[in-house]
Amino acid sequence: MNACKRRFPGFFITFEGPEGAGKTTQIRWLRDHLAAAGKTCLITREPGGTPLAERLRGIVKHLDSGEKLQPETELMLIAAARCQHVHEVIRPALLRGEVVLCDRFYDSTAAYQGAGRGVSKTLIETLREAAVGDCVPDLTILLDLPPEVGFERTRTRQETAGRFDRFEAEQLAFHTRVRQEFLTIAVREPERVRVVAADRTPEEVSAAIRSMLNDVEI
Ligand code: T5A
């Protein structure tokens, strides 16, 4: 299997998928696996990854002012966070030769703001180019599972927090469109995006990821 052509000394891997797919869990395990093989890894996430981007994440996930966040406003806040994140964190790490493991990236924008909220694809693409430039993932691991299964996994956390974030609060139809868009991207870009079935134990998912990476030169 060949990942996309390498653009930097480092290697850029993004994890995508519906809520509760296990991205955070698998990123940590993959970091441990790669570190044992001598790689220097950086774990980061979106929206977020810098102090400013983390503040924007807080607004996007929980708008406590009571006003309705317009879909285009949501998109632009996420794009602003991404621009900061790419320039301050991701690009420098790739230039240093590190493996960057990012929990969500621009495919989430196509899925959530595009398919989920119905924001114009042209606007999404324009902002993607402005924020990302040449910082395109070398490989994207799409952890796929039905949204109902992901909800069940994260329910305890939501009950403990006593509230849902703005995305968790969306209906099943929204999350079904999100999942479908991820799968559509994977079909469109098979060289970059690899689908891993996430509806099985964390150990099985991890083994599938490591096996899939066997012939990728990281
Ligand atoms: N967003 C983000 C956009 O709308 N547009 C964008 O452009 C971007 C970048 C981020 C939100 O922002 C939105 C999408 C998101 O809604 P978030 O809290 O980071 O918010 O949401 P998620 O990324 O979905 O994070 P989650 O924590 O909900 O899901 P993960 O990271 O996929 O799952 P994880 O590893 O935390 O696991 C969740 C629970 O399941 C268990 C874990 O122990 C944990 O309790 N678990 C499993 N249980 C059974 N079997 C397995 N295989 C399991 N793997 C993990």
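Q: Is Glu98 buried or exposed?
A: This is a predicted model. A residue counts as buried when its relative accessible area is under 20%. Glu98 has a relative accessible area of 14%, so Glu98 is buried.

Q: Which residue does the side chain of Glu98 meet in a salt bridge?
A: Side chains of opposite charge can pair when their charged atoms come close. For Glu98, the distance from N to O in the salt bridge is 2.9 Å.

Q: How many salt bridges does a search of the whole structure find?
A: A pair counts when a side-chain nitrogen of Lys or Arg is within 4 Å of a carboxyl oxygen of Asp or Glu. The pair of Asp138 and Arg7, at 3.9 Å from N to O, is a salt bridge. Over the whole structure, the search finds 18.

Q: How many residues apart in sequence are the parts that the pair Asp138 and Arg7 ties together?
A: The side chains of Asp138 and Arg7 meet in a salt bridge. Asp138 lies in the loop between helix H5 (121–132) and strand S4 (139–144), while Arg7 lies in the segment before strand S1 (11–16), so the pair ties together parts whose separation in sequence is 131 residues.

Q: Which of these counts as buried, Asp138 or Arg7?
A: The cut-off for buried is under 20% relative accessible area. Arg7 has 39% relative accessibility, so Arg7 counts as partly exposed. With a relative accessibility of 2%, the residue that counts as buried is Asp138.

Q: In which helix do Arg155 and Glu152 both lie?
A: The side chains of Arg155 and Glu152 meet in a salt bridge, at 2.9 Å from N to O. Arg155 counts as partly exposed at 40% relative accessibility, and Glu152 is partly exposed at 46%. The two residues are 3 apart, about one turn of the helix, and that helix is H6 (residues 147–161).

Q: Which residues are linked with Glu74 in a network of salt bridges?
A: Salt bridges can join into a network, as they do around Glu74. The residues linked with Glu74 are Arg117, Arg166 and Glu170.

Q: How many disulfides does the structure hold?
A: A disulfide is a covalent bond between the sulfur atoms of two cysteines. The cut-off is a pair of sulfur atoms within 2.5 Å. The sulfur of Cys102 is 9.8 Å from the closest cysteine sulfur, in Cys135, which is too far for a bond. The number of disulfides in the structure is 0.

Q: Are Cys102 and Cys135 buried or exposed?
A: Cys102 has a relative accessibility of 0%, so Cys102 counts as buried. Cys135 has a relative accessible area of 0%, so Cys135 is also buried.

Q: Which element gives the most residues to the lining of the largest pocket?
A: The largest pocket holds about 970 Å³ of space. Of its 42 lining residues, the closest to the centre are Lys23, Thr24, Arg57, Arg104 and Arg157. Elements that give two or more residues to the lining include H1, strand S2 (41–45) and helix H2 (51–61). With 6 residues, the element that gives the most is H1.

Q: Which element gives the most to the lining of the largest cavity?
A: The structure holds 2 cavities of 30 Å³ or more, and the largest cavity has a volume of about 50 Å³. Among the residues that line the largest cavity are Leu75, Arg82, Thr109 and Ile124. H3 and H5 each supply at least two residues of this lining. The element that gives the most, with 4 residues, is H5.

Terms used:
Residues numbered from 1 in each chain as written. Predicted model: local features only at pLDDT ≥ 70, side-chain atom pairs only at ≥ 80, totals over all residues. Heavy atoms only, no water. Buried < 20%, exposed > 50% of the residue type's maximum accessible area, 1.4 Å probe, protein only. 1 Å grid on protein atoms, 1.4 Å probe; cavity = no way out; pocket = protein on both sides within 12 Å on 5 of 7 lines; lining within 4 Å. Points joined across faces, edges and corners; volume = space filled by probe spheres on them.
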